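Here is a short tour of a structure, taken one region at a time. Have a look at the display below, and then let us begin with a pocket.

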Amino acid sequence: MIQKPDRVFTPFAVLVLATPLWLSFLSVARNRLVAGQPMALLDLAVAAPTWVLVSGMAMVLVGAIMRGSVLILGGGLIVAMALIWLAGDQATVVTIGQPSARVSLGAAFWVMQAAVLLAVAEAARRLGSWAMLAALLGVVLPLTFLLMSGRLDALSLLREYANRRDIFGPAVLRHLGLVAAAMVPTLLIGIPLGLVCHRNNAVARVVMPTLGLIQTIPSIALFGLLMAPLSGLSALVPFLGRAGIGGIGVAPAVIALVLYSLLPITRNTASGLASVPPAVREAALGMGMDDRQRFWRVDLPLAFPVLLAGIRITVVQAIGLAAVAALIGAGGLGAIMFDGLFAGAIDLALLGALPVIAMAVTVDLLLRLAAPASA
Amino acid sequence: MIDFDGVAKAFDGRAVVQDFNLHVADGAFCALIGASGSGKSTILRMMNRLIEPDAGRIRFAGQDVADLDPTLLRRRMGYVIQSAGLFPHWSVARNIAAVPALLGWDRARTQARVAELMTLLRLDPALGRARPHELSGGQAQRVGVARALAADPDVLLMDEPFGALDPITRAALQAELARIHRETRKTIVFVTHDMDEALQLATQVVVLEDGRVLQDTSPADLLAHPANAGVGAFVGRLDRGLKLLSLLAITERLEPGADGPEVPDDIDCRSALSRMIELSVDRLTVVDVTGQVRGHVALAGLMRS
């Protein structure tokens, strides 16, 4: 029996096949400052990765027609890696004898990469949690290998990395540190606050709109709002200033991240607790569980999936917001990103932005996998 | 076992229970029956202090419940609610073992008790590892009753436990509960709005209206002598005679000698009458499980009240 082609995968497959026909795959410039000339995928002069790319595309196409999620997953990962490999090899060829030439990734690369990874994500979602983990490893391991092998070193993105090698690692650590430093107070305040909101409607009616209001303040404005009181505070109490708390830097960044993070944690704690069926609550009470036993044995385990979803949303949001915190001197990957944006060096901006995206996607996936299978 | 003395309770200024007195004897099966809003659930929930009375005294095994720690009191009283209220994140076995776990029983004793209760409630031992969402409504309520009985409580409080079940499952669980009451002689307080259920199971029926007792007596006396028109309406005017017959075992109207078609000796007189009508006879031979003739019943004998 002939099935109709899959409605989700077919557009992705068409996008992957058609994009290189009308968008440039790479952009080649004589040096970092001048505008690049487009180079189409069909003009590339490297053989080996092309065959890998073609076979991966064939798998995706067949998978879309046959509705085979495994084929899509495998083919999609092959296409994703072949595109990177292809770009790296071509960059190596172009830059031979032209050390100042810059090879950047073009629109077709990004569109194809996005389409194919979205298809992989959807296929993995359909196949279950083991496939999600496999997809994550299927991106991380070959990419690590390609990066370590030096095949990608000629790409402009990696040239920017080579120039900033000494600040890249600390920036990643600082970024993670900002998120971690914000998550500890967020959980310590947000979970009890959610508990209080759940038990006391009057409190919830004040707390929830307040936290919602904070969410509507643009992040740069919130950083700005915190500058005045914090610098005033550190002037008033010199000890705080010496401890690093001031109008700019890490302190306002962490405070702002906590303020943004409180809403999803508090709201999900409260709604998780509210999702415990009244009959279960009544049974626990009637059985003779005291308040603490009810909380630890019944309420918390039953609210946990919703709470964990709140933590996931919060961490992913904080990873993104921490990039903006670079504007008030908090450092992190945002600093590299804004350097690139202000200098008009798109590859430098990407050097800051891509790890932020990778971190957010990885954390999201790992926390999804950590969630207990819903009963 | 349980005594209410002048108990009253109002919610938002509306009296739900007024000047309520009740004595439930040790080993009794007491059914609290009334329409919605008659205060029957409130009375039950005052026994294990889920609700505190505004006035009056409630004694449990001679002690004022107000002097007892509510959580410790509740562990001495099994509690079954309509929707079972099983813990969805725990296995059936762990649900049954909930109160023993609170009481700190050791593993071996708990496991033995869970196995014993699953047998008593006729639950397949393989269900021990199942999660509540895998159970049918009847199975879930069996687990609910097993959980309430787990720590061998002094009384069993049941709030419309079979209200959400289909008629066949309900009848099976009613028979189960009657058997458990016979075997364990536990004091049971049972809230229902189903008069047939109350008459069939209880030894003491308390009819409630607007938080007051209309009548508090045995099922047979309730049918024979309803205290007023309100109770009469509740027990049903036209089929009261049949309900009375249903309380009577066939062996109580036995006359010597075999006469007519055979029926088993464990049915009630209402079923015997039904059988007579079905077969167009006025006499039935009563035999025991081995086929031995125990005597016969006659239509005239059934009529004699």
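## The largest pocket

With 11 residues, helix 15 of chain A contributes the most to the lining of the largest pocket. This is a predicted model, and the pocket in question holds about 1800 Å³ of space. Two or more lining residues come from each of helix 3 (69–95), helix 4 (107–127), helix 5 (129–149), helix 6 (156–163), helix 7 (165–199) and helix 15 (346–370) of chain A.

How do the residues of the lining divide into nonpolar, polar and charged? The lining has 37 nonpolar, 3 polar and 6 charged residues. Both domain 1 (9–158) and domain 2 (165–370) of chain A take part, each supplying at least three residues to the lining.

## The sheet of chain B

Now turn to chain B, where 4 strands make an open, antiparallel sheet in the order 2-1-4-5.

Strand 1 (residues 2–11) and strand 2 of chain B run antiparallel and are joined by 7 bridges. Within chain B, Asp3(B) can be found opposite His23(B) of strand 2.

## A helix across the strands

Helix 1 (residues 40–47) of chain B lies across strand 1, strand 2 and strand 4 (55–60) of chain B. Relative to strand 1 of chain B, helix 1 of chain B runs at about 120 degrees.

Terms used. Residues are numbered from 1 along each chain as its sequence is written. Chains are lettered from A and ligands numbered from 1 in the order in which they are written. This is a predicted model: local features need pLDDT of at least 70, side-chain atom pairs count only at pLDDT 80 or more; totals for chains, interfaces and linings use all residues. Side-chain values use heavy atoms; hydrogens and water are left out. Two strands pair if DSSP finds at least two bridges between them. Contact means heavy atoms within 4.5 Å. Axes are lines fitted to C-alpha atoms, for helices over the stretch in contact, and angles run from 0 to 180 degrees between N-to-C directions. On a 1 Å grid over the protein atoms alone, a cavity is a set of points where a 1.4 Å probe fits but cannot get out, and a pocket is an open set with protein on both sides within 12 Å along at least five of seven lines; lining residues have an atom within 4 Å of a point. Grid points are joined across faces, edges and corners, and a volume is the space filled by probe spheres set on the points. Ala, Val, Leu, Ile, Met, Phe, Trp, Tyr, Cys and Pro count as nonpolar, Asp, Glu, Lys and Arg as charged, and the others, Gly among them, as polar. Domain bounds come from an automatic or database domain assignment.
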